[in-house]
Amino acid sequence: MLRDTAPTFHTTKPDKDKLERATTDALTSSGVIIDDSKIVGGSTWKQFADTRTPGAHIIIRDLQEHTA
């Protein structure tokens, strides 16, 4: 549980953009995606895990399947 005195937002290191870069690099090196330059959108934010297990929620969609 978070302390009552915990800040509302996670404004300390690591930087959000570095977390995002590390994640996209890991998706590429693991073979989940071919090249992270193919990523055209996304939403990234940092927050405290409070009662949840720390980690990332990642959804990958093939845009070719969503365009007609």
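**A pocket, a patch and an overall shape**

Trainee: Which residues lie nearest the centre of the largest pocket?
Mentor: In this predicted model, Ser43, Thr44, His57, Ile58 and Ile59 lie nearest the centre of the largest pocket, which is lined by 36 residues.

Trainee: And what volume does the largest pocket have?
Mentor: The volume of the largest pocket is about 1,400 Å³.

Trainee: How do the residues of its lining divide?
Mentor: The lining of the largest pocket has 16 nonpolar, 12 polar and 8 charged residues.

Trainee: Changing topic, which residues form a nonpolar patch on the surface?
Mentor: Val32, Ile58 and Ile60 form such a patch, and together they have about 270 Å² of accessible area. Val32 is placed in the segment after helix H1 (16-29).

Trainee: How many helices and strands are there in the protein chain?
Mentor: The protein chain has 1 helix and 0 strands.

Trainee: Why is the chain described as more spread out than a compact globule?
Mentor: Its radius of gyration is 15 Å, whereas the globule rule gives 11 Å for 68 residues, so the chain is more spread out than a compact globule. Its C-alpha trace spans about 50 × 25 × 20 Å along the principal axes.

Key
Residues numbered from 1 in each chain as written. Predicted model: local features only at pLDDT ≥ 70, side-chain atom pairs only at ≥ 80, totals over all residues. Heavy atoms only, no water. Patch = residues over 30% accessible without salt bridge, like charges linked within 9 Å, V, L, I, M, F, W, Y side chains within 5 Å. Areas by Shrake-Rupley, 256 points an atom, 1.4 Å probe, with all protein chains shown as cover. Salt bridge = Lys/Arg side-chain N within 4 Å of Asp/Glu carboxyl O. Helix = DSSP H or I, 4+ residues; strand = E, 2+ residues; numbered from the N terminus. 1 Å grid on protein atoms, 1.4 Å probe; cavity = no way out; pocket = protein on both sides within 12 Å on 5 of 7 lines; lining within 4 Å. Points joined across faces, edges and corners; volume = space filled by probe spheres on them. Nonpolar A, V, L, I, M, F, W, Y, C, P; charged D, E, K, R; others polar. Rg over C-alpha atoms; globule rule 2.2 N^0.38 Å.
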